[in-house]
Amino acid sequence: MATELASTYDASSVESRWYEAWEKAGLFRPQHNGKPRFTITIPPPNITGSLHMGHALCYPIQDLLGRYQRLRGKDVLILPGTDHASIATQSVVEKMLRKEGSSGAQIGREKFLERAWLWRDEIGDAILQQFRRFGCAFDWERTVFTMDESYIRAVNTAFIDWFEVGLIYRGKRVINWDPVLKTNISDIETERRTVKGKLYYIRYPFADGSGHVTIATTRPETMLADVAVAVHPSDPRYHGLVGKDLILPLMNRPIPLIADIYPDPEFGSGAVKITPAHDANDFTVGQRHKLPMPVVIDEAGKINENGGVYAGLDRNEARKRVVADLEEQGFLDHIDDHEIPIIVSERSGEPIEPLLSEQWFADQPKLAKAVIDAVEAGKIKFVPERYTKIFVEWLENVYDWNISRQLWWGQRVPVYYTEDGTPFAAHSWEEAQQKAGDSKIVRQDDDVLDTWFSSGLWLFGTLGWPEETEDLKTFYPTSVLVTSREIIYLWVARMAMMGLDFMKDIPFEDVYIYATVLTEDGRRMSKSLGTGVDPNEVMDRIGADALRYTLLSQTGYNQDIRYSVRRTDEARNFCNKIWNATRFVLMNLDGEVPSEPGELQVTDEWLLSRLYETERIVREAYDAYDNATAAQQLYRFFWSELCDWYIEVSKSRLSDPAQRQTPQWVLLKAIEAFVTMMHPIMPHITEEIYSHLPISGKAPFLMSADWPKLDLSFHRPESESKVERWFEITRSLRALRAALEIEPRKTLPAVYVEGDLAGGESVIASQAWCERVESGKPAGKFVSTTIQGVDLHLELGDMVDLAKLRDKLSREQEKLADDGQKLRARLENPMFVERAKPEVVERERETLADVESRLEKVVERLALLG
């Protein structure tokens with residue numbers, strides 16, 4: 001006996017009830033049942049993070065993959081966790097302290113860390129709890145935090161191992177320095193912006209008075225630390241001049257004119273000033289030529305003692321003073337307005353200072369070779385595949401990795417120093433003292449490790465490494481990494497390096513790069529820009545499944561998708577359609593559960609064949625990470641083929657006790673297979689429907705059921721072809737009716753046909769809303785259309801005044817054409833496009849598309865009327 005579904009679908013009650021049931025049944029844990037395993041370790045979100053649309057896509061993708069593989073018979077582990085996010089968390093705690101009238105500097109390191117842990121305990125895993133609402137079937141019992149004691153041990157072990165074999169060393173490089181937070185930061189923690197600024201042209205005179213070289217710079221204050229001027233060796237303007245000394249303006253010290261491949265002879269004078277301590281490219285030039293590298297800007301962004309009379313000035317104030325003095329002393333040639341690309345700290349909002357600093361580094365070039373070999377051997381595959389080349393090219397040109405940060409919150413660098421400064425890497429002060437022998441350990445390094453260093457160990461550190469745990473043996477390497485394109489180098493590359501070095505195996509087989517979620521008009525989603533959307537608010541309105549479908553149905557190999565309220569409404573409507581159609585089918589069982597199909601008609605064969613083909617397409621799409629194709633095929637099958645056609649065609653049989661068994665059986669078979677295939681995308685509604693299906697041998701949960709196994713006998717291409725032809729003829733008749741403005745479902749006496757319908761008369765008549773099909777032409781006035789080699793005629797009678805209808809449509813055609821012309825003229829006007837708000841321009845484009853679509857339909861209707 002089937003249990004009747006409620007009259008309406010209530011997403012909130014269904015979703016919370018089933019999530020609790022799955023978790024209570026232990027379905028999120030791997031079953032250790034001897035089946036092939038499938039493992040994902042989720043990218044750990046920051047504990048400071050708030051839920052956004054990127055999360056609403058990234059983590060449901062991973063849940064989709066896990067649910068699909070579980071249905072396919074795999075033993076699935078999706079392991080969750082959170083990242084301590086050094087700089088983000090430290091910034092949050094500093095802001096809290098400032099509100100209290102205090103600061104980290106005032107309370108000291110230990111008190112600051114106490115506050116950070118209190119904040120972490122308060123926030124906890126809040127963002128992970130929000131992932132539950134998405135329906136993510138993650139094994140919460142295995143949740144890992146990157147500051148857990150066991151995980152810190154893994155991080156320290158990695159550092160110590162690399163330190164002892166020389167892969168980690170202390171050295172000087174130019175890094176991204178945040179003068180507000182007073183730490184160096186990674187590229188991912190910066191934003192690139194373009195601002196209006198100035199390009200200053202400065203004359204550097206030759207020491208012998210024979211002339212000068214003009215250089216251009218956007219940062220004249222850094223000239224205080226210039227050590228050379230460089231020109232390209234092929235630049236004929238400087239033949240015979242390379243090797244001569246120039247006098248550094250304001251500082252009055254000699255610097256050489258050198259030849260190097262770095263300058264571009266086509267840009268300006270072709271000469272560039274070289275400031276190795278404050279520019280990464282200049283640093284490389286300085287290394288090649290063994291130039292001195294004086295630092296002139298300190299960690300607070302002020303000019304230091306090397307800046308002479310400018311010492312103590314803020315870098316911005318120093319720029320003004322330097323420019324004024326250059327002009328006064330005759331060195332300033334001219335100033336141009338210039339668009340300047342700058343790099344800004346994401347956390348403080350302050351422009352970063354390229355700064356020569358002593359830091360801890362890891363030798364990435366040595367580690368990269370094994371990763372390149374693994375990728376080129378096909379052991380690690382990227383989806384979309386185009387990222388493979390990008391990834392390998394980066395690895396081939398990789399430089400040493402700065403792994404230290406001047407922060408307090410994070411895994412502290414496990415290095416201890418003796419009185420003479422000798423470093424020893426160790427898990428503890430005691431172990432360091434043992435390694436140091438008679439030399440006394442006096443302090444531990446103050447820095448913490450880059451978050452990406454600890455994240456690089458994520459795929460095996462979470463499974464118990466460096467201990468050889470059962471989890472590590474069972475679930476490493478993982479099956480796939482789902483991540484964004486922004487962190488391919490920062491995270492994917494580091495995980496590959498660490499996995500291959502420490503585990504001697506790849507960390508993942510596939511890397512799936514998911515799309516960025518944009519607004520409907522293609523803008524970046526951002527709270528600060530006012531374009532962000534809170535997924536919680538969307539789920540309050542339409543439910544998690546509808547939001548999942550909105551995003552997942554657009555997600556394949558594309559790298560940008562659009563979010564809009566319209567799409568979420570369409571997804572909610574799809575949920576309602578699934579619910580209502582299933583409810584209709586269950587209501588038409590009346591307690592009868594057919595175990596056999598009986599004799600199949602050709603329309604039954606058509607639907608089963610479409611189901612067979614849908615299963616193939618969906619399975620292959622899921623296997624290939626093409627979720628959009630899977631979702632769209634399922635939508636087409638359910639809404640169009642099952643609901644719009646098969647149910648409508650079968651209604652008369654369902655109401656006849658003598659004929660109902662076969663369509664009942666076919667509908668149950670189709671709905672069971674459909675909800676199973678749709679389950680990875682919409683887990684809650686499909687589980688609810690599955691629980692109501694009166695089928696024998698059913699699993700306790702759809703989540704733990706098997707993927708549909710459809711008999712080859714279902715595959716009937718010839719039946720598909722025949723029925724599709726009937727439906728195409730029916731669509732043509734419906735279009736003819738619409739052109740005549742005859743209301744849908746208003747029954748006409750007859751349709752007249754010249755041609756072979758191959759037994760489809762009853763289907764065509766019922767679906768084109770005609771009482772019968774007649775051969776030949778009608779006696780009175782009629783309109784006609786031709787499709788699939790068949791001439792179709794509808795007698796007009798008194799229903800339609802053709803002349804009046806043509807006149808009405810002609811006027812509509814004229815108005816739409818005029819509206820379209822005006823809209824096109826507006827959109828082709830550069831002044832309108834440049835000055836109007838982007839949303840206004842986008843709205844006009846949408847209006848034009850609508851007008852053009854309506855015009856096309858009117859033209860088609862006029863053509864049908866002759």
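Modeller: The protein chain carries 104 positive and 135 negative side chains, and the centres of these two sets are 3 Å apart. Here Lys and Arg count as positive and Asp and Glu as negative, with His and the chain ends not counted; the charge is placed at NZ of Lys, CZ of Arg, CG of Asp or CD of Glu. The model is predicted, so local features require pLDDT of at least 70 and side-chain atom pairs pLDDT 80 or more, whereas totals for chains, interfaces and linings use all residues. Numbering starts from 1 along each chain as its sequence is written, and side-chain values use heavy atoms, leaving out hydrogens and water.

Of the 866 residues in the protein chain, 53% are buried, meaning under 20% relative accessible area with a 1.4 Å probe, protein chains only (exposed is over 50%, partly exposed in between). Among contacts (heavy atoms within 4.5 Å) in the protein chain with a separation of 6 or more, 76% join residues 24 or more positions apart. The secondary structure comprises 27 helices and 29 strands, which are DSSP runs numbered from the N terminus: H or I of at least four residues for helices, E of at least two for strands.

The interior contains nonpolar cores, each a set of buried Ala, Val, Leu, Ile, Met, Phe, Trp, Tyr and Cys residues joined through side-chain atoms within 4.5 Å. The largest has 141 residues, and F131 and L642 have the most contacts inside it. Helix α20 (residues 627-654) gives this core its largest share, 12 residues. Apart from that core lies another of 63 residues, including A374, W401, F453 and L481.

Neighbours within four places in sequence aside, F131 is in contact with I42, P45, L51, H55, Y59, C136, F138 and W140. Helix α2 spans residues 53-71. All of it is covered: 19 of the 19 residues of α2 are buried, so this helix is largely enclosed by the rest of the structure. From first C-alpha to last, α2 reaches 27 Å, close to the 27 Å expected at 1.5 Å a residue, where the expected span is 1.5 Å times one less than the number of residues. Just after α2, G73 adopts a positive phi of about 100°.

A318, in helix α8 (residues 315-328), is also buried, with a relative accessible area of 0%. Beyond neighbours within four places in sequence, A318 is in contact with E221, I303 and L313.
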